[in-house]
Amino acid sequence: MYSFEPNEEQKMLVDAIGKYAQNDLRLAAHDAEESCMLPKKLISKGWEIGLLQASIPEAYSGFGDRSAVTGVLAVEELAFGDLAGMLALMTPSLFATPILLAGSEEQKKEFLPKVIEGDWAPYTAALIEYAYDFDANDLLTTAIVEGGDYIISGEKAFVPYAKDAEAILVYANFEGSTQGFIVPKDAAGLSVSDDREKLMSLNALPLYRVKLDCVKVPVSNRLGGEGGHDFDFILASLRIASAAAAVGVAKASFEYSMNYAKDRDVFGVKVAQKQAIAFMLAEMATEIEAIRLLTWEAAWKLDTGKEGAIKDAFLAVTGAADMVMMVTDRGVQILGGHGYIREHPVEMWMRNGRGFAMLTGLAIV
Amino acid sequence: MSIEFETPKPIAQIQFVLKTVAENMMRSQSRAFDENEHEIPFSYIEFMHTAMRSMGGGSLAPKEEKQKEGGELKEKRPPIAYQSLAAQIEMLSWGDVGFYLVTPGGGLGAAAVQSAGSAEQRAKFLARFAEEKPTFAAMCMTEAGAGSDTSAIRTRAVLDEATKEWVINGEKIFVTGGDKSFKEYEQFGKGFVVVWASIDPTAGRSGMRAFVVEAGTKGVSVTKLEHKLGIRASDTASIVLVDARVPYDNILGSPTVEKTTTGFKGAMATFDATRPLVAASGIGVARAAVEYVKEQLAEKGVEIRYGLPRQKMTSIERDVIEMEIQLRSAWLMVLKAVWMADNKKPNALESSMSKVKSGDVVTKITQKAVEIMGPLGYSREFLLEKWFRDAKITDIYEGTGQINRLVVARQILGYSGKELR
Ligand SMILES: Cc1cc2nc3c(=O)[nH]c(=O)nc-3n(C[C@H](O)[C@H](O)[C@H](O)COP(=O)(O)OP(=O)(O)OC[C@H]3O[C@@H](n4cnc5c(N)ncnc54)[C@H](O)[C@@H]3O)c2cc1C
């Protein structure tokens, strides 16, 4: 059957998350971006909604089952509030969800309760590398086997909360394919930059450069245990999260600029009454919906194990990166000079928008 | 309910059947009928008619399931009827969109009766499509001076109080299937055209009504067949009405003019139903183009490597991946719009949005496909250049891309036609 309507549970969750996104994340976004600081209380409040907790089975101290569809619905809502806030809130998922999806039984038992039982705690993951042609399937960071352990070397970029992280899931190139390794915070050879990464946007999110200088981890720390795991599924889950976030940011910019256009007088009418503006808005709405549906379908395929899920997730995020750039650019354009001023959020969303082409790896569903 | 994308079994089955039809009855003749404009593909028409009749109807349109309930006849549409229709149209257009447009069964004319007519009118005018001979109907809105601005139509209908007949005068152009619907062919049954006319020019849109004009009505004639960029198997006719007399009961909707705009709303309701179907048709053509490009590349040993960062893709990989993204997302928008129709949710926004999207992407996809294939794309030896020409109509009829943008913009902004012209 085809259906485009979330189930009751999803509606309730999305509703709760939507309120938090608008009443909390959105209101804090401007100051957070300017001051480079997200209030701890803000994140804790979001954590209490229990998005990650609800995706982990009872056996590991959670209270539900993971659904990529639910995940993308939630991420869109959160990113509609604020992208940096969403990424901060969901950082622990970067660590926990891959363990849930691909970890060994021991890894799940050991780590999942730790991550979700208490308050929000900085567990994180390191995927992105500092290369113009960064490729998640062809990493520069390497893992080799030596004396029954794995030795990991390389450098990771844009790692959220790395400084305070209890443990980092580090992705490395092992014999030509990408594998995750759980690296505890005190591992010898692991060093985190003192300074935070400074990007075009996401000032509020603490991101760090992480160096791994022959970091040794036992076989049991390889994601999935000695036999390892399939990275495709994890990457697809990262990609649809990114796509859903792009939809959320685009929707934020679209709604804000539409409301502005309905209010702004030019030449004796509202500027939204001019086709040049109205058509831009119509196209923005159309493209947002197109990518939203593409993302939903990819998520549904991941949930149901359908053929083509991995490819579809790739198509979704690729389309999303273009869509969000187009939409957020127009968001600024529709406000004219006012759009360029940091008092309005559209310029921040435009900066957010450019990031989606390179930021897959910062959120997962 | 939950979010799902599983193709329902009945839809998958009919797609499978129609794919065979597309390959054997359509693709094989595509080129010939493109080169011989205005020839009629009788074999396809006969075949489709027989096939549709054997399945219980004479058209692709959703069947009305008559159900007895408390002694009264209640109409019930299966909940996936529009979804199925969109899938069928997509597949037939994948075969050949020109042929699809000459599928008997009433097309836009029947759709107008369906959405603006009374139960008796539906019974009276739509029964013929299930009869022995393939039968056509068409919709005549456009005039030389009134295209996008349908409210500018000049065709007039005046009631002759003495005979209780409507007397219609006017000139319609660009009527899809107008020739087969109106002219007498021994192979075809008696069709009709639905003519939009004003019963009160001072009332503007509120005065607009649709009339069923039976084939052969005196005073009505087909005066011209257009020569077109594409969809050449489909006739595009001019129809002139000079003192054409039509029975009183052939008016769809109220015979009197109220202050409200009910007449025009009838046309608009038809569009909500048909726009996603037109979008679906365009998507079929574009899918043909994408598949062709991928097959040709594969034959030459060019692999599309999904999953790479853009920096590592070839230009062709970028193009093909972009085509796939656009094609699939446009199709999902169509599915959502028809799913809403099936579930009785108002879908004016989604319907026009799917048409905007599809009009955009099918033109871009087919243009890019010809570019990628170079001389093979441009040559009439293959069908790709034809699909490029066929696809363009998607962004023009059933509301141009601009008109559908207006509809979408008005919907999202909450504006009336006056506030956003
Ligand atoms: C092959 C074919 C089959 C057709 N079949 C049928 C049929 O079966 N029945 C029928 O009734 N009609 C049919 N049509 C007519 C079709 O619907 C019209 O051609 C179409 O609506 C556009 O009208 P027009 O050609 O007069 O262009 P115009 O209305 O003159 O438009 C010219 C340009 O101006 C733009 N434009 C117009 N108004 C606005 C506005 N308010 N804001 C911004 N831009 C605007 C248009 O998008 C277009 O780009 C068919 C046309 C073709 C080519």
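The sections below take up the ligand site, then the domains, then the strands.

**Ligand site**

The model is predicted. In it the ligand lies between chains A and B. Its shell consists of 20 residues, and the closest are Gln275(A), Thr142(B), Ser148(B), Phe174(B) and Thr400(B). Sorted by class, this shell has 11 nonpolar, 8 polar and 1 charged residues.

| Residue | Protein atom | Ligand atom | Distance |
|---|---|---|---|
| Met141(B) | backbone N or O | oxygen | 2.8 Å |
| Phe174(B) | backbone N or O | nitrogen | 2.9 Å |
| Gln402(B) | side-chain N or O | oxygen | 2.8 Å |

On its own the ligand has 970 Å² of accessible area, of which the protein covers 68%. Three elements of chain B give two or more residues to the shell, namely β4 (137-140), β6 (165-176) and α12 (401-413). Phe174(B) is listed among the closest residues to the ligand, and a backbone N or O atom of Phe174(B) lies 2.9 Å from a ligand nitrogen.

Why is the ligand said to lie between domain 2 and domain 3 of chain B? Domain 2 (134-257) and domain 3 (264-413) of chain B both give residues to the shell, so the ligand lies between them.

**Domains**

Chain B is divided into domain 1 (9-65 + 76-112), domain 2 (134-257) and domain 3 (264-413). Taken over C-alpha atoms, the centres of domain 1 and domain 3 of chain B are separated by 19 Å. To the contact between these domains, domain 1 of chain B gives 27 residues and domain 3 of chain B gives 29 residues.

Chain A is likewise assigned domains, with domain 1 covering 8-116, domain 2 covering 124-221 and domain 3 covering 232-357. The centres of domain 1 and domain 2 of chain A, again over C-alpha atoms, are 22 Å apart. Their contact takes 16 residues from domain 1 of chain A and 17 residues from domain 2 of chain A.

In chain B, β6(B), which contributes to the ligand shell, pairs with strand β10 (residues 236-247) in the antiparallel sense over 9 bridges. Within this pairing Glu165(B) stands opposite Pro247(B) in β10(B). Strand β9 (residues 220-225) of chain B also runs antiparallel to β10(B), joined to it by 5 bridges. Here Ser221(B) is the residue opposite Val240(B) of β10(B).

In chain A, strand β3 (residues 142-146) and strand β4 (residues 149-160) run antiparallel and are joined by 5 bridges. Which residue of β4(A) is the bridge partner of Glu146(A)? The partner of Glu146(A) is Asp149(A). The hairpin formed by β3(A) and β4(A) has 2 residues between the strands, and Gly147(A) takes a positive phi near 55 degrees in this hairpin.

Conventions: Residues numbered from 1 in each chain as written. Chains lettered and ligands numbered in written order. Predicted model: local features only at pLDDT ≥ 70, side-chain atom pairs only at ≥ 80, totals over all residues. Heavy atoms only, no water. Near = heavy atom within 4 Å. Polar contact = N/O pair within 3.5 Å; in protein donor to acceptor, adjacent residues only side chain to side chain. Areas by Shrake-Rupley, 256 points an atom, 1.4 Å probe, with all protein chains shown as cover. Helix = DSSP H or I, 4+ residues; strand = E, 2+ residues; numbered from the N terminus. Nonpolar A, V, L, I, M, F, W, Y, C, P; charged D, E, K, R; others polar. Domains from an automatic or database assignment. Pairing = 2+ DSSP bridges. Contact = heavy atoms within 4.5 Å.
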